[in-house]
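Reader: I'd like to talk through the charged pairs in this one. Could you put the structure up?

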Amino acid sequence: PAVQMAREAARRTSCKNNLKQLALATHSFADVHGDLPPLMYRQDWPTWAVDVAPFLELTAVADAVDVRNSYFNQPGLTGPVDAPVYLCPSRVGRVVPEQGDPGFDFATFSLLFGPSWVSDYAANGGTDSTNTDGAFAEAEVTLTPAGLLPPSLTNSRIDEVRLRLGLADITDGLSNTFQFGEKYLPDVDGDNSVANGRQANAFVRYTGPGLPPASDRETVAFETRRFGGPHPGGVQFALCDGSVRLVPFTVDTEVYRRLGDRRDGEVVGEF
């Protein structure tokens, strides 16, 4: 047991460092672009995971992905993405699949596959998917050509992009707002690509009522919306100031909700 505890402590430290790197990479993106990376560009287009990659020494991967093209139209990126910083070492059995998520292009009536890219970490989308009160927001984009619903996954391209959120918009304070956290993921084989804007379960989680953090060791409802993880006692989160905290599974639900909301103006409390 002592050896197992020591190994888990080392894995948790490595996981903590991953989260810190993701948070710092997000700050670096904001320094360059003036705003935070988008949660996603739009459905079927890339997510925040691609935008922070250049600041994680994954330049070759980032250069191969064009965020103006759909996730399914990335010919420069083939095979699974090797990006250990997105993976928690405590998650036993995590394997990057050879093939990414499938998508159907109604314009060409063809089945497409995007790059395989899994992550044990998700962005803070706020208290619920409908509230847009988290540390990330979907970009506003204009597609060319316009008018196709759904748009062609091979021929449509983003023409204009407007990022909607900057650090100044996190009015509750950077030290009081989650930026990234570990994903509740008891079935690692059922996860999708973090770079795919269609599969929200892969890149975003929420903190609202009925969605407390959960351990991978238990089976809970709404599993694709909760933060959680494999570590004993709690879940690790990177806050918007770049610090990383272990939040216990038993955290007060109201405190936890407030940590997911960037703008409610309420005092968070101890956690």
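Author: A salt bridge here is a side-chain nitrogen of Lys or Arg within 4 Å of a carboxyl oxygen of Asp or Glu. This is a predicted model, where local features need pLDDT of at least 70, side-chain atom pairs count only at pLDDT 80 or more, and totals for chains, interfaces and linings use all residues. Residues are numbered from 1 along each chain as its sequence is written, and side-chain values use heavy atoms, with hydrogens and water left out.

Reader: How many salt bridges does the structure hold?

Author: Side chains of opposite charge can pair when their charged atoms come close. In this structure, the number of salt bridges is 17.

Reader: Are K183 and D191 buried or exposed?

Author: These two form a salt bridge, with their closest N and O atoms 2.8 Å apart. Buried means under 20% relative accessible area, exposed over 50%, and partly exposed in between (1.4 Å probe, protein chains only). Both K183 and D191 are buried.

Reader: What is the relative accessible area of D264?

Author: D264 meets R257 in a salt bridge, 3.7 Å from N to O. R257 is buried, at 15%. D264 is partly exposed, with a relative accessible area of 22%.
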